[in-house]
Amino acid sequence: MSLAWDLIDEVAALNQSHPPSFYCPISKQCMHDPVVLCDGHSYERRHIEQWLQEHDTSPVCGAQVEKGCIYPNHALRNAIEEYFQHVFSVHRRAIRSTIQVAGASKDFNPKSNVALLRTVDAFMECSILVNADLSTELVLRRIMDEAKTLLSAEAASVFLVDRQAQELYSTVNSTGGELRIPISAGIAGHVASTGEPVIIGNAYCDKRFNRSVDVRTGFTTRSVLCVPLKTRKDGVIGVAQLVNKHLTQHDVSEGFTADDLQFLQVFACQAAAAIANSGFLETENTSSCKEDDFLDFDSDKGSEESEKATVTLEEFLDETFFECMDEKFDMESVEDSDSEDLDQEALAQCVDVESVANSDQIEGITLTHFLQRSEGLWEMDVGVLSKLTKGKPLSVLCVWIFNHVGFVDHFDLDRTKVSRFFARIEQGYGDVPYHNREHAACVVHMMNTLMDLGGIGDALVGGGSNTDVLLDWMACIVAAAIHDFEHMGLNNEFLTRTNNPRAVLHNDRHVNENHHVAAAFSILRRPEYNFLESLPEDSYRRLRHVVISLVLSTDMADHARLVDAFKKGTLASKEKDVPPSPTDQALFAMKIALKCADVGHLSLSWPAHVEWVRRLEQELFAQGDAEAREGVRVSFLMDRTKPGVMETQVGFFDFVVLPLFTTLADAFPATRTLLASTKANYAMWTEFDGTAQ
């Protein structure tokens with residue numbers, strides 16, 4: 001196995017970053033036909049030609065340029081092609097070597113082989129990166145070509161859903177033309193209709209198999225592997241299909257295997273993401289796609305003026321959302337969150353419409369596009385979101401989720417009060433390095449993604465009605481949003497040792513956590529913020545119970561007990577083969593999810609993760625300074641003269657992080673991507689430790 005793991009290490013090194021010179025300054029995507037402008041910079045040909053139709057200045061430096069002065073950059077084009085050929089070659093060798101060596105073992109299970117699946121995933125990300133500026137069809141063709149090669153298939157195809165015609169159509173197939181079949185016909189139709197993958201060992205013995213394509217093309221189908229392409233917004237958008245497994249010396253059966261299925265699902269996930277991010281779905285479904293899929297809070301679908309009433313995300317935020325906040329609001333002066341005069345001026349004003357319109361775009365990225373693109377991804381660039389929202393990432397994200405998941409419509413919530421509540425909650429996050437509004441936004445995003453992609457929402461379905469599931473899901477988002485409300489950058493021990501009023505009020509128990517949730521519910525009690533007033537009493541009590549339980553569970557003092565209890569409950573559920581109950585194990589699952597979301601930066605890309613660790617170290621050192629001023633003992637990791645958290649991450653991963661994320665992945669296999677990312681960061685810290693020593 002040493003060769004395989006050496007190759008995987010090489011893959012990891014290659015994926016740390018790609019040369020910045022390969023990216024077009026206009027499209028921010030990898031170039032395929034680079035040209036040099038007389039300003040000395042290189043651009044993708046079609047983008048710079050389009051730019052020069054409307055401008056006579058350089059997009060980079062603003063210097064005057066002549067419209068005809070562009071020349072092919074052959075050297076850069078060759079460098080890009082050679083670089084990615086090398087990257088792809090290393091990826092392929094790593095994947096194949098691991099499959100061949102490990103596949104000989106009876107215990108081999110790619111589903112649990114995190115490093116291998118991470119290699120496949122990274123390979124696909126590189127493939128999408130290098131093809132990002134190409135047509136959707138060409139991107140899909142290249143993705144499926146790689147899948148076909150790596151899984152030793154004879155043919156590969158992608159069928160997309162045409163909802164208007166009620167058909168599946170394919171331009172990515174072995175015939176070179178377009179194929180169309182009824183939406184429910186054949187194996188592809190079955191997968192598109194059910195959303196479930198299938199493995200067919202003998203196609204002609206399966207009653208679902210549609211022979212018409214074989215008859216028309218002269219092709220003979222033997223075995224089939226078919227998986228759905230899904231997005232959160234549109235559900236099943238198509239299927240990816242491999243046909244006729246080639247036998248190799250390592251194969252023990254003639255058809256596709258469960259191992260092959262795991263790999264194809266990784267390819268399918270990336271293919272679906274590529275389709276969604278390209279805007280292809282919006283282009284294809286213009287006639288049926290409405291703005292109310294995004295943030296249509298004010299539309300009246302029964303009115304003749306419905307088209308005029310429909311509002312875009314930016315319009316809605318302009319009119320009702322961006323309420324001015326007192327950026328200098330003193331957190332330490334707020335002891336009672338029931339104070340009536342805290343933000344009356346903020347409630348009475350809105351950010352100037354023109355200023356918002358001018359601020360919701362960064363280098364061609366609109367707020368709507370950013371939120372759509374971030375949906376279905378584990379990692380969200382909260383820095384970009386902060387810029388797009390004028391420093392209000394938390395409230396904008398929460399409003400988006402409340403509408404997009406369906407809480408507002410399902411529970412008939414007051415839209416103005418929803419936005420007002422989250423704006424007020426965001427106002428309560430102070431200017432501390434770590435426990436700030438950006439951290440809260442990251443936790444909200446991760447929590448929502450765990451409920452969606454992580455499969456926790458699906459697991460809750462087995463324990464209750466759709467209303468029960470949405471109620472718990474909404475409680476999870478509220479808990480994530482308020483979980484550090486009015487945090488002062490000081491931990492529970494400091495507040496207790498210094499007899500802080502919060503510690504006295506909460507009897508030294510879960511001091512911060514009790515304050516976060518109590519202060520937030522105090523805000524919610526006020527009529528102008530109470531967006532839950534329309535909920536039935538039992539639903540409100542359920543939501544309040546879940547929110548309180550989740551926020552209190554973020555106290556690390558109870559960490560080990562909670563994780564152990566969840567492990568035991570999960571094991572018991574598996575042994576009985578029953579879904580989690582909405583009142584016991586399901587609540588444990590949501591607690592574990594929020595704990596993982598609270599430290600979600602541990603699973604982010606390495607640069608983002610390190611930045612959050614630096615922020616945490618700054619905050620801890622600031623507390624150490626405060627302890628020194630108070631004349632009390634400076635706490636562990638908070639003394640500036642000694643090693644901080646940047647130098648103690650390996651132990652934290654060993655005893656806290658990896659057991660936590662492993663527990664989550666064991667219960668919800670769809671979260672194994674997070675575990676893999678966490679292990680990758682752990683490997684980096686381990687290497688860092690070894691180098692330092």
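**A walk through the model**

Start at Leu587. Setting aside neighbours within four places in sequence, Leu587 is in contact with His545, Val546, Ser549 and Leu550. Contact here means heavy atoms within 4.5 Å. Leu587 sits in helix 28. Helices are DSSP runs of H or I with at least four residues, strands are runs of E with at least two, and both are numbered from the N terminus. Leu587 counts as buried because its relative accessibility is 7%. The cut-offs: buried is under 20% relative accessible area, exposed is over 50%, and partly exposed is in between, with a 1.4 Å probe and protein chains only.

Some ground rules. This is a predicted model, where local features need pLDDT of at least 70, side-chain atom pairs count only at pLDDT 80 or more, and totals for chains, interfaces and linings use all residues. Residues are numbered from 1 along each chain as its sequence is written, and side-chain values use heavy atoms, with hydrogens and water left out.

Now the overall picture. The protein has 31 helices and 11 strands. Of its 693 residues, 52% are buried. Take the contacts with a separation of 6 or more: 68% of them join residues 24 or more positions apart.

Next, the second largest pocket. A pocket is found on a 1 Å grid over the protein atoms alone: it is an open set of points where a 1.4 Å probe fits, with protein on both sides within 12 Å along at least five of seven lines, and lining residues have an atom within 4 Å of a point. How much space lies in the second largest pocket? About 1200 Å³. That volume is the space filled by probe spheres set on the points, and grid points are joined across faces, edges and corners. The lining has 44 residues, and the closest to the centre are His435, Asn491, Met556, Leu616 and Leu620. Helix 23 (492–497), helix 25 (511–525), helix 28 (585–598), helix 29 (606–630) and helix 30 (649–667) each give two or more residues to the lining. By class, the lining has 18 nonpolar, 17 polar and nine charged residues. Nonpolar covers Ala, Val, Leu, Ile, Met, Phe, Trp, Tyr, Cys and Pro; charged covers Asp, Glu, Lys and Arg; the others, Gly among them, are polar.

On to helix 20, residues 437–452. Its 16 residues reach 22 Å from first C-alpha to last, close to the 22 Å expected at 1.5 Å a residue. The expected span is 1.5 Å times one less than the number of residues. Helix 20 is mostly covered, with 16 of its 16 residues buried. What caps its N-terminal end? Asn436 does, with a side-chain oxygen 3.1 Å from the backbone nitrogen of Glu438.

Trp378 is in the loop between helix 15 (367–374) and helix 16 (382–388). Trp378 is buried, at 16% relative accessible area. Beyond four places in sequence, its contacts include His445, Met446, Thr449 and Leu450, and also Ala670 and Leu674. Gly454 is 76 residues away along the chain, yet the two C-alpha atoms are 9.4 Å apart.

Now Asp39, in the loop between strand 1 (34–37) and strand 2 (42–44). Asp39 is buried, at 17%. Its side chain makes a polar contact with the side chain of Tyr43, at 2.6 Å. A polar contact is a pair of N or O atoms within 3.5 Å; within protein, one must be able to donate a hydrogen and the other to accept it, and residues adjacent in sequence count only if both atoms are side-chain atoms. Not counting residues up to four places away, Asp39 touches Ser58, Pro59, Cys61 and Val65.

Ser170 lies in strand 5, residues 167–172. Its relative accessible area is 0%, so Ser170 is buried. Its side chain makes a polar contact with the side chain of Asn173, at 3.0 Å.

Last, backbone angles. Most residues other than glycine have a negative phi. Lys390, in the loop between helix 16 and helix 17 (393–405), has a positive phi of about 55°. Asp412, between helix 18 (407–411) and helix 19 (415–427), has a positive phi near 50°. Buried or exposed? Asp412 is exposed, at 60% relative accessibility.
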